[in-house]
Amino acid sequence: MVTRPIQTSPIAARPIQLAPSILSADFLNLEQAVRLLAGSPEPPEWFHLDVMDGHFVPNLTIGPPFVRALKRITEVPLDVHLMIDNPHEQLDWYLDAGADLLTFHLEAARPGARGAHKGSSATIKDLTPEEVAFVLALLERIRAAGALAGLSINPATPVELLRPFYQHLDVVLLMSVHPGFGGQSFIPESLSRLNAIRADIAASEASVLIEVDGGIDVNTVSPAVEAGAELLVAGNAIYGQTDPVLALQNIRRAVYNDCCG
Ligand code: DX5
Ligand code: ZN
């Protein structure tokens, strides 16, 4: 159950949460980038931190020291997205560093999976009972540490594979681009996948927040929310803009068809 206060628009009853991704910020001025939005009149609900290992995805970004450092300078909760192989080996580093929400990839979380799922379009088609148990244990480890537990899938992984986990996680993160880089275009099929996830969560009667990541901007945010997304990551559309504060506001307003003043 996600207990963090959420922003409600006066225009629509539906609450949404926004998570600017620092991947698109100036890495030489991350403190400034975080403080700029955190101190703005309408701060984000989260900051999204992309951890990449150069194996699960063809890019390499930040590690625990960065998460710890950012935790020191903001009270905005940290949404840490692990795009790494063998997340079971490193989960605790990010929990210790201060992740409030910790998400790993279903494609990467398999016993003995080292190197087996390289590439940003890594996918799996089914799960053995042993693999399901392995993922459940990782989710439990995150929750036991007091963080919210998230599970992510890539664009080619069937959404049905998430079903065994809904009763045991807080957030499902649907990748709407192939992970690894900011600034890519939203994959349109993600909308039907969001709808399917929403239906599966309703059927499971679990309380799970639906997060979407990749290609979210003033044009795609509204369809994504309509399809079921409640927590929306945006990198390029916020930190890639000359005025990130205005860009964040515009994305929020676009959800309620009040864009863009
Ligand atoms: C991509 C990352 C995203 C990225 C999104 O692999 O997981 O979080 O920052 O960037 P945009 O919003 O630019 O697609
Ligand atoms: Zn991400």
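Reader: Which backbone N or O atom lies 2.9 Å from an oxygen atom of ligand 1?

Author: That atom belongs to asparagine 236. Before we go on, this is a predicted model in which local features need pLDDT of at least 70 and side-chain atom pairs count only at pLDDT 80 or more, while totals for chains, interfaces and linings use all residues. Residues are numbered from 1 along each chain as its sequence is written, chains are lettered from A and ligands numbered from 1 in the order in which they are written, and side-chain values use heavy atoms, with hydrogens and water left out.

Reader: What else lies close to an oxygen atom of ligand 1 at 2.7 Å and at 3.3 Å?

Author: At 2.7 Å there is a polar backbone atom of glycine 180, and at 3.3 Å an N or O atom in the side chain of histidine 81. The protein covers 99% of the 380 Å² of accessible area that ligand 1 has on its own (Shrake-Rupley method, 1.4 Å probe).

Reader: Which elements give two or more residues to the shell around ligand 1?

Author: They are β3, β4 (78-83) and β9 (231-234), and β3 gives the most, with three residues. Strands here are DSSP runs of E with at least two residues, and helices are runs of H or I with at least four, numbered from the N terminus.

Reader: Why is glutamate 45 called buried?

Author: Buried means under 20% relative accessible area, exposed over 50%, and partly exposed in between (1.4 Å probe, protein chains only). Glutamate 45 has 1%, so it is buried. This residue is in the loop between α1 (30-38) and β3 (47-52).

Reader: What makes the pair of glutamate 45 and arginine 252 a polar contact?

Author: A polar contact is a pair of N or O atoms within 3.5 Å; within protein, one must be able to donate a hydrogen and the other to accept it, and residues adjacent in sequence count only if both atoms are side-chain atoms. The two side chains make such a contact at 3.1 Å. The side chain of glutamate 45 also reaches the backbone nitrogen of leucine 18 at 2.8 Å.

Reader: How do you know whether asparagine 86 and glutamate 205 are buried or exposed?

Author: By the same cut-offs. Asparagine 86 is at 4% relative accessibility and therefore counts as buried, whereas glutamate 205, at 71%, counts as exposed. Asparagine 86 has a positive phi of about 50 degrees although it is not a glycine, and glutamate 205 has one of about 60 degrees.
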